[in-house]
Amino acid sequence: MGKILNTLAGKLTLARDLSPEGREINYKGRIRQAMGVVSQNMTKLVLLNIFLVIACVPMIVLFGYYMQVQENAILAEMNFSSGIGIGYGIVDNTPEATAAIYDFRLKLFGASLIPCLLLVGLFASGVYYCCRNMLWGAQVKIWKHFFRGIKMHWYKFLLSFAWLGILATGFTCSLIMILKNTAIYGAANAGWWVLTIFIGIVALLSAMYMLIGQGMYVCYRFKMKDYIKNTSILVMVMVVPTLFVTAVFAGFIALSFVSLIGMFMLIYMALLGVSVYVVLNIAYSQYVCDNMIGYLYQEDVKAKQKEQERLARERNQAKKKQAQQQISKNRKSSKKKKKN
């Protein structure tokens, strides 16, 4: 197992991160550092959180308001009674209404999730850049650095959130088909279950990728293929802690669906929670990158310095040898001249 990990680590693309000179990379207390950043930059993080909430407004309107209105309109046109009295028959439209509602949800989620998440990804690029600077102790001017972050990193986050949108769309639509078939026919086709489980597994792996990759996007300057390669390698090398941290974040979000706790969680997420997640996300990503890419980069620099010193010593020795040989030749020639 150790050989496999060493082989994977050897395939990493190495570079120094973009942090200020002299930043210590081998230190403990990353959570303490992140929470210190949160307490020292509370006002700025609230503002950044508002930016992300604004990016989520289309999803809130579509799935929190528009979907409910359209479903009520569908129900208003249907009858839900099989008959009243004798000779006064009314058609029961319950199966048709159920199918119509699920078909509407299928179209809505299928058409809107990807563009909504692309907008969130665009705003996230600016928020991640600002939070990175806070972790590095740099001065942050929210408006200036937010838009600078978008300018520098927008394409990386759009690619990531487009992939998340594809997964979210696939998982949601396959789940809707399961619910529709179960409600109408009593059971869903096994293929839908297999597809849903498969997408769920891919989504879990993608969440682990994002946990490291999104922090790397703003902390290093690589080509996109190197971001993907490095992040994939680091997820495999750090699979256990990354899976654990992903589960903790997922469990925290799951509390939003608990009735009483969910109300407080939604308020917290709307005010501060998303930006706090970004800070913790970057802190974990930086921890992984520091202990792998940063450490190996430093070792590579030391090895190159030693090699340069060795070559310099060999050149000096060669020059000394040449000088001694020249002196020896001069002595021999001078002796010949004296004899003549």
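Cys131 counts as buried because its relative accessibility is 0%, where buried means under 20% relative accessible area, exposed over 50%, and partly exposed in between (1.4 Å probe, protein chains only). The model is predicted, so local features need pLDDT of at least 70 and side-chain atom pairs count only at pLDDT 80 or more, while totals for chains, interfaces and linings use all residues. Residues are numbered from 1 along each chain as its sequence is written, and side-chain values use heavy atoms, with hydrogens and water left out.

The cysteine sulfur closest to that of Cys131 belongs to Cys130, 6.8 Å away, which is too far for a bond. Cys289 is likewise buried, at 1% relative accessibility. The sulfur of Cys289 has its closest cysteine partner in Cys219, and the distance of 7.0 Å is too far for a bond. The structure holds zero disulfides, a disulfide being a pair of cysteine sulfur atoms within 2.5 Å.

Nine helices and zero strands make up the secondary structure of the chain; helices (H or I, at least four residues) and strands (E, at least two) are DSSP runs, numbered from the N terminus. Along the sequence the pattern reads α-α-α-α-α-α-α-α-α. Of the 340 residues in the chain, 38% are buried. Among contacts between residues at least 6 apart in sequence, 76% join residues at least 24 apart, with contact meaning heavy atoms within 4.5 Å.

Which residues of helix H2 are buried? In this helix, residues 30-40, they are Arg30, Ala34, Val37 and Val38. Viewed down the axis of H2, the buried residues fall within an arc of 100°, so they line one face of the helix; the arc is that of the directions from the helix axis to the C-beta atoms. Arg32 and Gln40 are exposed, on the face of H2 turned away from the buried side.

Arg30 also takes part in a network of salt bridges, together with Arg16, Asp17, Glu21, Arg23 and Asp290. A salt bridge here is a side-chain nitrogen of Lys or Arg within 4 Å of a carboxyl oxygen of Asp or Glu. Side chains of opposite charge can pair when their charged atoms come close. Glu21 is exposed, at a relative accessible area of 70%, whereas Arg16 is partly exposed at 30%.

The whole structure has eleven salt bridges. One of them joins Glu299 and Lys302 at 3.8 Å, N to O. These two residues are three apart in helix H9 (residues 259-339), so about one helical turn separates them. Both are partly exposed, Glu299 at 33% relative accessibility and Lys302 at 44%. Lys304 pairs with Asp300, the closest N and O atoms being 3.4 Å apart. Lys304 and Asp300 are four residues apart in H9, about one turn of the helix. Asp300 is partly exposed at 30% relative accessibility.

The chain exposes about 20,200 Å², of which carbon and sulfur atoms supply 66%; accessible areas come from the Shrake-Rupley method with a 1.4 Å probe, and for residues only the protein chains shown count as cover. A nonpolar surface patch is formed by Ile50, Ile54, Val57, Val61, Tyr65, Tyr66 and Val69, together with about 600 Å² of accessible area. Patches are made of residues with over 30% relative accessible area and no salt bridge, like charges being joined within 9 Å and nonpolar side chains (Val, Leu, Ile, Met, Phe, Trp, Tyr) within 5 Å. Ile54 lies in helix H3, residues 42-76, and is partly exposed at 45% relative accessibility.
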